[in-house]
Structure formats: structure tokens, C-alpha cells
Amino acid sequence: MSRLVLAALSVALAAPLAAAPVPADGGKNVPLPFPAKAPVVVVLNGVDTARARLDKLLTAAVPKEAGRVAKLLDDQLGTLFEGRKLTAVRKDARLFLVLNDLTGLTDETPAVSVLVPVTGYKDFLGSFLTRDEAKGVERGRDGVDSVKMTVAGAEATVHLVDLKEYAAVSVDRGTAEGYAGKYAAATAEQFGPDLAETFLRSDLAAYVNLDAINQQFGDEIRGVKGLIDFALQQAQQQGALPGMSKKQLDAMKVMFKGLVQGVEDCRGLVAGAEFRPDGLFLKVQARFADGSETAKTLAAEPPGQLADLARLPAGLGTYTAVRLGKGVGRVVRDLSQELVTTDDDARGAELIEGHLKDVEAAGPGAEFAAALPPDAALTVTAYKDADKAAKALAKAFKAVAAGGRVGGAVLKAAPRVGDEAEKYKGFTFASVNLTYDFDATVAGLPEEARGPTLEILKRTTAEKSAQWIGSDGKVVVRVTAKDWAAAARLLDQYLDEKAGVGSAAGFRAVRSQLPAEANVLLVAEVGSALTGMAAQLKTVAGMIPGFPEIRAPKKPAGGVPTYAGAALTLKGETATLAAYVPAPALATGYRVIESLFKKVE
């Protein structure tokens, strides 16, 4: 079956199609040939154009590999379609892969269909089928024709239906009969305007019809909620959640139940990819029912421009900006609880709770952070009362006992906090010195995970760490550095807007392709980010028997830093995750990944 689907999709890859434009109304009235209740649909949109766009992108990013990829694809298609002609495939229409029913996907003949755009059904049969296959076509009185086909060495009985502008192809007769009868065809209007535009504009897209899935599997989805408390309790009892506090566990329950509620409230989801000449653009969008709990949550999370991200110091690895409302923001803060004292330190826990409440009462706004582990980080958070927030945060560090945790890592000794340790350019800073106990941090993990986790900790966290927490009355700044001189340099870069990462052309190019307003924004310097991720992969891969050997990752030397970015925007009934990877960033990523794997001897 998989070979047959591959062949049907390859019809589009080989055919000279032109991308269908998105109508001025966003495509809400565009008719679509698949059933309105189909749970999952994949569309290949104007594929000759899409393939040409992909070729241009690959040529810009990895020119030495682009020709090789194109030749490999052409060779495979030539072998796959030997003896077949594609002249009856329409040049100006989309091709669809439809999962008509999810319940039988593992069956020998699953309810899956391919809708091929054709100039005429009779012409398609006469040109695409081989001479022997054409002779063996069984004409069905019910509108379903059948033929035995051999594709890539696999033989199957295939059922075909004439839909005038499309030929429906399926190995499941029941699915074919559904097309032959009267069925309600989908329209882009059922997606909603935002999802419809993404589905129609993307070179490759997938649509998940959550209305249909909830109708079919609603009871099972709702049943998951009742299992969340039990599952987390069991995981904690079995040591699968070491170092997690009760507050974090409660936040995790809220998060998981919220995700399940989101599935219940979701009407549809679209994921799309655009192969642009200058980079790869990806988008995932979910639309929720008007008035639902999830839609109400989104309405309380207005996005912002997050322009101050560009002020953060250049030369670091990752840049993040977060603007969340009280509801979601509180869950995120509780889940990522930074400061936890020991289990037997009830007074310390009480003090931490009180000081962190004072931080929240100070009115936090958007937060901007940049980091290059293990020794450099800067975080800037706006507050209505920034002085109160900075003092309360420093006090919270004082309340952590030896053996407590900061950022999930165990402390050898209580934090050493110095009030008003530094005054610099309008800021007054408290100093916080931390000494971690990495062995104690991993002690509660399964034995096979301790070594790799310890390696990752040592790579990403300094065993002795220094940070400064300060305020100028408007924002709270936290700086992590090897010493105060290094911290002051980071602060100078932040205060001098011309020295920020926004001065980098690569950063500006990425930011310009992402939504103007967002709730969460991430931009990463690709060389640093991938090198760090690859180092962790190498550590974890060593635990997996038979996993290919991975070399120590190396950041590409020289050249201009390249960036990639992503943005999460919550607006109205729609949640949108958009990502953009420019061609130079793809080239950097390719060089990092290519260097990882050794040839197996």
C-alpha cells in the first residue's frame, strides 16, 4: 500500500503543474474534492512550481547537494513510472492524499485515497495505465472501476472513480464507493480564514479535521483527562519525576488537562511549508470553537511586537521574548519553578513562596532573554514596580537552603547573596553566587541515565555560577557571567542599542519574516544552537546500542552568524506557530549535521 501511495504522489512530482493562487477572499469559497468529514488530508500544491521553488532553495543553501538530490529524484521517478505516461494529469490543480477513516489504517486495505487532477478520466486511464493493465480494467455499474496494478514490484487491486476534474484512487473499495455516491465535499470555508489561507498557499500542507475526530473519538479523548492525575502520581512514585515540587506537579496537571481540553475545543489544525527562494517557511495553526474554554484562554493572551528583543547583546546563542497573561503565565512560572528548598525546610519554602508572590505582585510584563551556556546570559523583564521585584527575587534566593535546587540543579551550599553589591549606570545590583552539586542532581535518576545527564549538566551549567539581579526602576535585569567585568560588558551592549543583536542583518531578515506581533518569539544563532544540541545528542546516543557513532560537533568556523526563528501568536480563536529558516542558516545546519556521523566500518 505504501508503494502505491508513493506512486500516486509521485504523479504530481513528475507532472508540470502550476501553483494555484490564493483568491482575494482568502479562499473561503474554494471547493475541494475530498469529503468534508475526512479526518486528515495532505495537499501538494502546484507541484512543478513547488519543486522548482525547492530546487532554488536547495541551490541557495547547499548548491553541491542540490543537483544530486534532483538527479536522484528523477532517477527514482523514471524507474517508478517506466511504461506510464503522465500527460493526462492536469497542470493547474492540487493533488490530495486523504485519510478517509482513521480506524482501519493498519488494515491490509486501509481507507486511504489519492485524488489526482486529470484532464479527463478516460484519458488518464489510457495514458497512466500500462497496456496490460488497461485491458484488465473492470468497469463497475456503481461507478467504481477496478484494475490490478503493479507499482515498484507490488501488486494490488486498485479502485478508481471518475470525479470529472479528479480521479479518485484507493485500494479500499468502500472508500471508492463513497466517492461514487453522493457525498458532501469540503470547502475552504470550513477551515476558517486563517487556516484556509495557509492550506491553500503552502507548497505542502496537511489538514487535521478535529471536528470529525472529536465526533468519532470524543469519548476516548475526554477519558484521557481522568487518567492524568493517576499517571503523574504513578510517575512520581516510581521516581520518573525526580526533584519535581508539588507546585510543579500541580502545574503539569493543569498543562496536560489544558492540552486535552484544547483537543476537545479544536475545530481544525493546518501545518504548511513554503519553499521560498530565500528560505524555508513553516506554519502550524489551530482554530478553536468560538466561546470554548480554550478560545477564552487565547483571548486573555494578547500578543505584542516584542521589539526589545533586538536590544539584547550580539554574540550569544539564543534569544527569546515572552509576553503572557496572568493565567498562562502563572502556569508557566509554576512549571518552571526556579527556586526550591529542601523537603524539610518548611520555613524556607514559606519564605520563597512569599517573596515570589511579591515578584508577581510587582506586575511583570514582557521578558527578554539571551544566553550562551554555560557562562553568559542576560534577562530583562519589565515590571510596574521593578525595584520591588528585584529585591523580592534576591530575597527568594536567600531562602534556599543547601541541598535545595536552582533551575533543577542541587546546591552544595546555600546561595551567597550580596545586597547592593554593584551600582552601574542607574542600576543597583545584588550579587548571587551559586555552587552546584551535579552528582547529587543526577543521583535520583536511573543508573544508565546518570552519566549522560551529568555530561550534559557540566556542558550547559557552570559548577560555580555568578549572577547579578538589578533594577533601574523600570526593568529588572539578571546577568550571568564569569565575573562582574564580563557582566558589565553584557549590560553595556544592552544599553547601547546599536550594539544589540538587532544590528545583525541575519537577525533582521529572520524577524521580518515572522509575525509582527507574538506571545513568544525565539531567534537562535544556528551554529551555536545546533552545536549545543548535537553535543547533547552525542551524549544520549552513547546510551543506545547500535546507534551510529557521532563525532564531537564543531561550530562552523568564520563567516557571518546565521539565524533561524519561530514565533507563537495567540489571537482570536487561532493559535499560530510560524518558523523561518533562511538559506544561509540551512547551509550552516547542513555543515554541522554532516560533520557528526562517521562511516560505519
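Is arginine 53 buried, partly exposed or exposed? Select arginine 53: its relative accessibility is 24%, so it counts as partly exposed (buried is under 20% relative accessible area, exposed is over 50% and partly exposed lies in between, with a 1.4 Å probe and protein chains only).

Before moving on, some ground rules. This is a predicted model, where local features need pLDDT of at least 70 and side-chain atom pairs count only at pLDDT 80 or more, while totals for chains, interfaces and linings use all residues. Residues are numbered from 1 along each chain as its sequence is written, and side-chain values use heavy atoms, leaving out hydrogens and water.

Aspartate 203 and arginine 53 form a salt bridge, with 3.2 Å between the closest N and O atoms (the term asks for a side-chain nitrogen of Lys or Arg within 4 Å of a carboxyl oxygen of Asp or Glu). The two residues are 150 apart in the chain: arginine 53 is in helix 2 (residues 47-61), and aspartate 203 sits in the loop between helix 7 (193-201) and strand 9 (204-208). Helices (H or I, at least four residues) and strands (E, at least two) are DSSP runs, numbered from the N terminus. Aspartate 203 is buried, at 4% relative accessible area.

Next, pick arginine 330 and glutamate 360. Their salt bridge has its closest N and O atoms 2.9 Å apart. Arginine 330 is partly exposed at 36% relative accessibility, and glutamate 360 is partly exposed at 28%.

Hop over to lysine 412 and glutamate 463, whose side chains meet in a salt bridge at 3.7 Å, N to O. Lysine 412 lies in the loop between strand 17 and strand 18 (416-424), glutamate 463 in the loop between helix 15 (447-460) and strand 20 (464-471). For a network, select Asp142, Arg173 and Glu177, which are joined by salt bridges that share partners. The whole structure has 24 salt bridges.

Zoom in on leucine 339, whose bridge partner in strand 16 is valine 406.

Conventions
Two strands pair if DSSP finds at least two bridges between them.
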